[in-house]
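Trainee: I have a model open and would like to learn how to read it. Please take me through it one feature at a time.

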Amino acid sequence: MLTAGELAGLIVAMAWAILVCFLAMVLVKLARLLRETTKLVADLNERVVPLLEDMSMTVNEANRQLVAVEAITRDVKQVSGHAAKLSAVTQTIFTGPLIRVSALSHGVRRAIEARKHPRSRRRR
């Protein structure tokens with residue numbers, strides 16, 4: 001038979017053996033998890049690098065297009081300014097003489113009407 005000390009040592013040894021087995025199982029599962037994580041990271045790296053390269057090319061192309069749009073916008077602004085100046089010059093050139101011609105034609109028409117109908121003009 002076992003003495004009390006030997007029995008206590010046997011219980012402690014069995015507890016340690018169970019603890020070691022449990023820790024071994026945890027370590028095996030952790031190793032499996034790390035292996036799967038490594039595979040996922042490698043797969044993700046293979047997929048992300050081309051995507052990042054495509055995105056970089058897309059951003060560069062968008063920047064190039066924005067530069068072109070900026071140049072077009074600048075040219076449109078310049079043309080708009082020229083059109084406004086041309087409109088102002090046209091208005092200045094034609095508005096004054098048109099008003100004078102209109103006033104002259106109105107005056108001539110009234111004078112002709114006054115000669116045709118002298119009595120109707122005096123009664124008014």
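Trainee: Is Arg-64 buried, partly exposed or exposed?

Mentor: The general idea comes first: buried means under 20% relative accessible area, exposed means over 50%, and partly exposed is in between, with a 1.4 Å probe and protein chains only. Arg-64 has 49% relative accessibility, so Arg-64 counts as partly exposed. This is a predicted model, in which local features need pLDDT of at least 70, side-chain atom pairs count only at pLDDT 80 or more, and totals for chains, interfaces and linings use all residues. Residues are numbered from 1 along each chain as its sequence is written, and side-chain values use heavy atoms, with hydrogens and water left out.

Trainee: Which side chain meets Arg-64 in a salt bridge?

Mentor: A salt bridge is a side-chain nitrogen of Lys or Arg within 4 Å of a carboxyl oxygen of Asp or Glu. Here the partner of Arg-64 is Glu-61, at 2.5 Å from N to O. Glu-61 is partly exposed, at 36% relative accessibility.

Trainee: Why can Glu-61 and Arg-64 be described as about one helical turn apart?

Mentor: Helices are DSSP runs of H or I with at least four residues, strands are runs of E with at least two, and both are numbered from the N terminus. Glu-61 and Arg-64 are about one helical turn apart because they are 3 residues apart in helix H1.

Trainee: How many salt bridges does the rule give?

Mentor: The count is 3. One of them joins Arg-47 to Asp-43, with the closest N and O atoms 3.6 Å apart. These two are 4 residues apart in helix H1, so about one helical turn separates Arg-47 from Asp-43. Arg-47 is exposed at 55% relative accessibility, and Asp-43 is partly exposed at 30%.

Trainee: What is the distance between the closest N and O atoms of Lys-39 and Glu-36?

Mentor: It is 4.0 Å, and the pair forms a salt bridge. Lys-39 and Glu-36 are 3 residues apart in helix H1, which covers residues 4–116, so about one helical turn lies between them. Lys-39 has a relative accessible area of 52% and is exposed, while Glu-36 is partly exposed at 42%.

Trainee: Which residues make the nonpolar surface patch?

Mentor: Patches are made of residues with over 30% relative accessible area and no salt bridge; like charges are joined within 9 Å, and nonpolar side chains (Val, Leu, Ile, Met, Phe, Trp, Tyr) within 5 Å. Accessible areas come from the Shrake-Rupley method with a 1.4 Å probe, and for residues only the protein chains shown count as cover. In this model Val-12, Trp-16, Leu-19, Val-20, Phe-22, Leu-23 and Val-26 make a nonpolar patch of about 670 Å². Val-12 is in helix H1 and is partly exposed, at 46% relative accessibility.

Trainee: What does UniProt list for residues 6–28?

Mentor: The unreviewed UniProt entry lists them as "transmembrane region". UniProt positions are given in the numbering used here, feature names are shortened, and annotations may be inferred rather than shown by experiment. In the model, residues 6–28 are 100% helix and 0% strand, with the end C-alpha atoms 32 Å apart.

Trainee: How do I read the chain as a whole?

Mentor: Start with the radius of gyration, taken over C-alpha atoms; the globule rule is 2.2 Å times the number of residues to the power 0.38. A compact globule of 124 residues would have a value near 14 Å, but this chain has 50 Å. Along its principal axes the C-alpha trace spans about 160 × 40 × 20 Å. The chain has 2 helices and 0 strands, and 0% of its 124 residues count as buried.
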